[in-house]
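Welcome! Let us take a friendly walk through this structure, one part after another.

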Amino acid sequence: MTDGGHARTFDTLAPLFEKALASRGTLMDSRHETAFRLFNGFAEGWPDLALDIYGRTLVIHDHADDPLQSQPHIQEATTFLQNSLPWLRAGIVKTRNAKSQQDQRGRLVFGNKPDQKVIEHGVWYALDLTLNRDASLYLDTRNLRKWLIENMRGRTVLNTFAYTGSLGAAALAGGASRVVQQDRSRKFLNLAKTTYTLNGFPIHKEDFIADDFFPTVGGLRHAKQAFDCVILDPPFFSATDRGRVDQVRESARLINKVRPLVNDGGYLIAVNNALFVSGQEYMRTLEELCEDGYLKIGELISIPDDFVGYHQIDESITDPTPFNHSTKIAVLDVKRKTIS
């Protein structure tokens, strides 16, 4: 394989996996019910592979341009980890550049019962590890979920682009008085409802909006609804007949769409996961938005070290500083104009 035009070859990837295991030993709970990134190949020496643990299930993400070339390395990873972690009960391979949607979503390569839930900071999250190309729970936003648990007591929350609703569930676990989850996919939101059931949260159907972001936001503005916290965690890019999401060119536009929905003294959580947008570039976007005095950068939330990667061999394509990863999370404090 090649990385940035430089060929890299190894007789075996075992030394890389051994380092990864040694670095993450403290993340492995005795009951094997948690989730973490076991190997960030992009930073730790083999960009074609990323390995995640969800409970007792191994999820292998194959990012190779030619999936056939990854087969020996996937087999090595599977054999090595089954021997090193005998408690693993299932393994799934997700092939990003596969022709079939099923291969992209993931195929079982060993075992027969992938995990259906994990616990994090005392909250259960429902899983469907082959629901789509991602694994139904984003591991890079773990610290954001912790922040929501610690800061949302008594607050109302709108979680846009909710996916399977983990950020909204974390807010509820932290004592939020109301959480509205918006996502185009009813299938994703149904998994969010399973998370609610696991934690004993009440399910109010009106708080699950299976619709496009743009008409949802417009409807809430028209109804003069506002929230103490709005979470904006859009995909890298998407386009429908309702509107376009472009995290490279139009992140400011999306933030401005939701600003009117945040109460005075509230929070707007802005996430940008565009790999080719540097940290400084995103900060400039945020600083320009803050020039009118009604937004202020409150804090930046880091990505967990296991997801960023230990013993890094490769540098990021773009420098994420002052963030620590290309998933850039900022909490913006919101001030509303007062009408005299």
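Helix α1, residues 14–23, lies across β3 and β4 (49–54) and runs at about 145° to β3. Here, helices (H or I, at least four residues) and strands (E, at least two) are DSSP runs, numbered from the N terminus. Angles run from 0 to 180 degrees between N-to-C directions, with axes being lines fitted to C-alpha atoms, for helices over the stretch in contact; contact means heavy atoms within 4.5 Å. This is a predicted model, in which local features need pLDDT of at least 70, side-chain atom pairs count only at pLDDT 80 or more, and totals for chains, interfaces and linings use all residues. Residues are numbered from 1 along each chain as its sequence is written, and side-chain values use heavy atoms, leaving out hydrogens and water.

Now to the strands. Five of them form an open sheet in the order β3-β4-β5-β6-β7, with mixed pairing; two strands pair if DSSP finds at least two bridges between them. At the edges are β3 (35–40) and β7 (107–111), each pairing on one side only. On average, neighbouring strands of this sheet are turned by 20° against each other, direction ignored.

Look next at β5 (residues 57–62) and β6 (residues 90–95), which pair in the parallel sense over six bridges. Opposite His61 you will find Lys94 in β6.

What about disulfides? A search of the whole structure finds zero, where a disulfide is a pair of cysteine sulfur atoms within 2.5 Å. For Cys229, the nearest cysteine sulfur is that of Cys290, 15 Å away. Cys229 is buried, with a relative accessible area of 0%, and Cys290 is buried with 16%. Buried means under 20% relative accessible area, exposed over 50%, and partly exposed in between (1.4 Å probe, protein chains only).
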